[in-house]
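Reader: I have a protein model open and would like to go through its fold and a few residues. Could we begin with the overall layout?

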Amino acid sequence: MGLKKTSKHSTQTAALKQMIKRCSSFGKNENGFPHDVPKGHFVVYVGENRSRYIIPISWLTYPEFQSLLQRAEEEFGFSHEMGITIPCDEDDFCSLISMFR
């Protein structure tokens, strides 16, 4: 049996999935569901004031969003409990996500 090769991409994907799971579990009520984060979404913080955005998980398929997440990992890592912080100007982020809607 051979050893399975682990690529950097699969390691990043695993770390991101773990982070999203933690982010979407904050503020759960007694039924186990987040108060303000719908199923299939996660939270990111953007800009100097760390404005909070609830993002559909489906946006992870967009290369532009993946690029932002890669920058976030390089700058902040995915091992903290507060959610994903996107190192991006808030106006630029709003312009980008307006293309996804």
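**Fold, core and a polar pair**

Author: Along the sequence, the elements of the protein follow the pattern α-β-β-α-β-α, where helices (H or I, at least four residues) and strands (E, at least two) are DSSP runs numbered from the N terminus. This is a predicted model, in which local features need pLDDT of at least 70 and side-chain atom pairs count only at pLDDT 80 or more, while totals for chains, interfaces and linings use all residues. Residues are numbered from 1 along each chain as its sequence is written, and side-chain values use heavy atoms, with hydrogens and water left out.

Reader: How many helices and strands is that?

Author: The protein has 3 helices and 3 strands.

Reader: What percentage of the residues is buried?

Author: Of the 101 residues in the protein, 33% are buried; the term means under 20% relative accessible area, with exposed over 50% and partly exposed in between (1.4 Å probe, protein chains only).

Reader: Which residues touch the most other members of the largest nonpolar core?

Author: They are Val44, Ile55, Phe65, Ile86 and Phe93, in a core of 17 residues. A nonpolar core is a set of buried Ala, Val, Leu, Ile, Met, Phe, Trp, Tyr and Cys residues joined through side-chain atoms within 4.5 Å. At least two core residues come from each of β1 (41-46), β2 (51-56), α2 (63-76), β3 (84-86) and α3 (90-100).

Reader: What is isoleucine 86 in contact with?

Author: Setting aside neighbours within four places in sequence, isoleucine 86 is in contact (heavy atoms within 4.5 Å) with Val44, Tyr45, Val46, Gly47, Leu68, Leu69, Ala72 and Phe93.

Reader: Turning to threonine 85, is this residue buried or exposed?

Author: Threonine 85 lies in strand β3 and is buried, at a relative accessible area of 9%. Its C-alpha atom is separated by 6.3 Å from that of alanine 72, 13 residues apart along the chain.

Reader: With which side chain does threonine 85 make a polar contact?

Author: The partner is the side chain of arginine 50, at 2.8 Å. A polar contact is a pair of N or O atoms within 3.5 Å; within protein, one must be able to donate a hydrogen and the other to accept it, and residues adjacent in sequence count only if both atoms are side-chain atoms.

Reader: Where is arginine 50 found?

Author: Arginine 50 is in the loop between β1 and β2. Arginine 50 counts as partly exposed because its relative accessibility is 35%.
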